[in-house]
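User: I would like to learn how to read the features of a structural model, one at a time. Could we take each general idea in turn and then look at the case at hand?

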Amino acid sequence: MNSFVINSALDMHLHLRDNDMLKLVGPLTSHHFSGALIMPNLQPPITTKEALLLYKDKILKACKADNFEPYLTIFFQVDYTYEFLKEIKDEIIAVKLYPFGVTTNSETGVSSMDVEVLRPTLESMSKLNIPVCVHGETQGFVMDREKEFLPIYESLAINFPDLKIIMEHISTKDAIELLQKYDNLYATITIHHLLLTLDDLSGRMLNPHAFCKPIVKRPEDRDALQKLALTAHPKIMFGSDSAPHQKEMKECHDGAAGIFTAPIALQLLTQFFEQHGKLANLNAFVSLNAQNIYNKKPIEKSIHLIKKDFVVPDKYTFKDEVVVPLFAKETLSWSIEDCPNEQ
Ligand SMILES: [Zn+2]
């Protein structure tokens, strides 16, 4: 096979940041994707309707050259009222829940994952049919954080049976087992958790551009995620968790967590699904499953991929913003036809 078409690609977990960084990375997603679920962890995080609408406007301006729909989220707070959620419901696709301090700009995340503390807000969301997206990690040992969080996912699934709960960026085989146990659990998978293990981050030289939360794990975890993605299991969808940081914030002491994959995601996914003889499942993984889970009809947009070498740029820049993608300077076997990123 020498060409492949992806229809209405959706990235259901994306960080677009703000200001010049948004102007740089926004179009790198909107050129290829029809829509994306945008995370609200700005500085300060998005918790009001005013901030949400302002951010949406900025995103649409940054991506105005493309036909692209941002699906907005707000940052979970325990004091959101039913009335507030009802008022904002049509502007958001979900609410994102961060436990305190687990990743970039989560310092104002919830300090207790006790079900009773979360109950009023989650019950309102459940009644209003607003899904919750969860960054499921504890503050434990870095390799075990997701596994330690699984009982919390389980108690949420049991206590709120009508609430759609999205386990974001799952990274372990244990998470997959839980996902399959409860009807109201769904998950996103990133491209980096499908392709990398801890060896790629630190087994040879340290690669700060492969550092993220949750951290990439063991080969058996990666293999289990691959199996699930390649079969396009209906409870999973693609969410890149593409999370740009300034080059100097990555290549330094105290380097920030986040892997930037937005402009290479579709090429990498096509290469990966083709290598495993599963291209027939790629459209489900990267669009149809998300349409079903979130009940969304995306903008129609076809992306044509051709089997032609694509050398990943060493960096992407706009004004003072410089971002290094995963696999910089490496060669992928699939390119996007007529893509402005690749000239
Ligand atoms: Zn994220």
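Analyst: Let us begin with a single residue and its surroundings, keeping in mind that this is a predicted model. Histidine 209 is found in the loop between α8 (198–202) and α9 (219–230).

User: Is histidine 209 buried or exposed, and which residues does histidine 209 touch?

Analyst: Residues count as buried when their relative accessible area is under 20%, and histidine 209, at 10% relative accessibility, therefore counts as buried. Leaving out residues up to four places away in sequence, histidine 209 touches Lys250, Glu251, Ile259, Val324 and Leu326. With one of these, glutamate 251, the side chain of histidine 209 makes a polar contact of 2.7 Å.

User: What is the accessibility of asparagine 207, and where is asparagine 207 found?

Analyst: Asparagine 207 is found in the loop between α8 and α9, and with a relative accessibility of 27% asparagine 207 counts as partly exposed. Neighbours within four places in sequence aside, asparagine 207 is in contact with Asp200 and Leu201.

User: Which protein atoms are donors of the zinc ion, and how far from the zinc ion do they lie?

Analyst: The protein donors are His13 (NE2), His15 (NE2) and Asp241 (OD), which lie 2.0 to 2.1 Å from the zinc ion. In sequence these donor residues follow the spacing H-x1-H-x225-D. Histidine 15 lies in the loop between β2 (10–14) and α1 (19–30), whereas aspartate 241 lies in the loop between β9 (236–238) and α10 (247–250), so the pair ties together parts that are 226 residues apart in sequence. Histidine 15 and aspartate 241 are both buried.

User: How is a pair of aromatic rings described, and how many aromatic pairs does the structure hold?

Analyst: A pair of aromatic rings is described by the distance of the centres and the angle of the planes. The structure holds 8 aromatic pairs. In the case of phenylalanine 75 and tyrosine 98, the ring centres are 5.1 Å apart and the planes meet at 20°, so this pair is stacked. The pair links distant parts of the chain, with phenylalanine 75 in strand β4 (residues 69–75) and tyrosine 98, 23 residues apart from it, in the loop between β5 (94–97) and α4 (115–128). Both phenylalanine 75 and tyrosine 98 are buried. Elsewhere, Phe33, Phe238, Phe272, Phe273 and Phe285 form one aromatic cluster. A ring may also have a charge over it, as where the charged end of lysine 235 sits over the ring of tyrosine 186, 5.8 Å from its centre.

User: How do the strands of a sheet pair, and what is the order of the strands in the open sheet of 3 strands?

Analyst: Strands of a sheet pair through backbone hydrogen bonds, either parallel or antiparallel. The open sheet of 3 strands has the order β1-β10-β15, and the pairing is antiparallel. β1 (3–7) and β15 (335–336) stand at the edges with a single partner strand each, so one side of each is left without a neighbour in the sheet. The antiparallel pairing of β1 with strand β10 (residues 302–306) runs over 5 bridges, and phenylalanine 4 has leucine 305 as its bridge partner in β10.

Definitions and conventions. Residues numbered from 1 in each chain as written. Predicted model: local features only at pLDDT ≥ 70, side-chain atom pairs only at ≥ 80, totals over all residues. Heavy atoms only, no water. Phe/Tyr/Trp six-rings, centres within 6.5 Å; stacked < 30°, edge-to-face > 60°. Helix = DSSP H or I, 4+ residues; strand = E, 2+ residues; numbered from the N terminus. Buried < 20%, exposed > 50% of the residue type's maximum accessible area, 1.4 Å probe, protein only. Lys NZ or Arg CZ within 6 Å of the ring centre and 35° of its normal. Polar contact = N/O pair within 3.5 Å; in protein donor to acceptor, adjacent residues only side chain to side chain. Contact = heavy atoms within 4.5 Å. Donors = N, O, S within 2.8 Å, 3.2 Å for Na, K, Ca; no water. Pairing = 2+ DSSP bridges.
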